[in-house]
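Subject: Structure handover

Hello,

Here is the structure I promised to pass on. Please open it alongside this note. My findings follow below.

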Amino acid sequence: MGKKKKLKKIKKQQYFSEELTGDTKNWGKEIVGKARRLYLKAGLTLKKWNNIFCTGMTCQANLKRDGIIITVAILVAATFLGIGQYTAAIKKVVQERQKEIMIQEVVVEQFEEANASKIKTIQDKISTENWKEYASAWYGFKIKYPQDWKAPIVRPYSRASQSLYRVSFTTDNQADRNYIGFDVAVYDVNTVKEIFRTDEFPKIESVSPEDMAKCENIEGHLLETGDYPAEEIYIPRGDDCYGAVLFFSVIKGQYIYNITPRLKDNVTTDNDPMIELSDSLPEFFEAISVFENIDIVRPKPKPVAPKITAPNPATYNVDEFGRKVCEKKKDKPGKSDRGKGKHLDMECCLDPDEYPNPHCYYDGAKYGKYLRQ
């Protein structure tokens, strides 16, 4: 190698040696510092992301908490799912119930129309032109009954009944009949409150607790009647809740009037009341149609006579009317000699200075002027 090339190589090595030992060394430190800072920063970032990830559901230390979170999430999801299914089930039940109610309303309406038509057919066959009339001004009603029936009988008050008044109308022809007439029972609204508490209203028979709510709904058996102001209560034979019954009710003012068919004493029947009454006692339906409320008129009580505290006269006669009168036929009123001042007459012979005795009768022609004093 030439001296020039050798010298050039030496200078180049010297240059790099100077760079490394001087400014070049500082540059290296700076590079290392930057690398260290980048490493630390990357390490912190990784640690941060690791902590975030670890607070999720991967770290062994958080397994208990993660299990609780997962369980709660499952329960919440199941609850919302259950609520949705329950709501859907309730909606279905409501729709089915509404459908049942609509069907029941149609059936009741058809039943009412058929029932009203049957009663009208019965009434058209009977004339009340010659029927007798019974009226009670005290309780405000009147009703007719066939002229060949017995005279109405007012039933005595009974503690077993809540009615204030009961009158029975019965036929003479009772052979081969279970129903022999009808009763009119009067109730005070202030006492019984409502028709459900009257004696004639049916009582629920033995039913299971599950069927009790259904049986308490009796609206389908209360029928409005268009021909007269009465409500018909009719439960046919074979009902699951009540025994068969048929009667009519009118509410007017302070009273409830129940008109009900009367069974023969000690007799029961297994027939449907509508069918049996239609065949054996059609007069019952016609009597209902002529029932009428009237004004209540009650006589005023007689005034109580004042109590007499005066003594009876000492002497007197009794006339043909039983009255106590003066025994002197030719009595001439004048001042008595019994002392001064007015005093009570004790002879039924009134004098000017005497008070009339309330036990005596005084002739107005003779004693009138003294009575007016």
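Are cysteine 348 and cysteine 360 buried or exposed? Cysteine 348 is buried, and cysteine 360 is buried too. Buried means under 20% relative accessible area, exposed over 50%, and partly exposed in between, with a 1.4 Å probe and protein chains only.

Some ground rules. This is a predicted model, where local features need pLDDT of at least 70 and side-chain atom pairs count only at pLDDT 80 or more, while totals for chains, interfaces and linings use all residues. Residues are numbered from 1 along each chain as its sequence is written, and side-chain values use heavy atoms, leaving out hydrogens and water.

Now the disulfides (pairs of cysteine sulfur atoms within 2.5 Å). Searching the whole structure turns up two.

One joins cysteine 348 and cysteine 360, with sulfur atoms 1.9 Å apart. The torsion about its S-S bond is about -70 degrees, so this disulfide is left-handed. It links distant parts of the chain, twelve residues apart. Cysteine 348 sits in the loop between E13 and E14, and cysteine 360 in the loop between E14 and helix H8 (364-371). Helices (H or I, at least four residues) and strands (E, at least two) are DSSP runs, numbered from the N terminus.

Another joins cysteine 326 and cysteine 349, with sulfur atoms 1.6 Å apart. This link is right-handed, with 85 degrees about the S-S bond. Cysteine 326 lies in the loop between strand E12 (324-325) and strand E13 (343-344), and cysteine 349 in the loop between E13 and strand E14 (354-355), so the pair ties together parts 23 residues apart in sequence. Cysteine 326 is buried at 14% relative accessible area. Cysteine 349 is buried at 3%.

Best wishes
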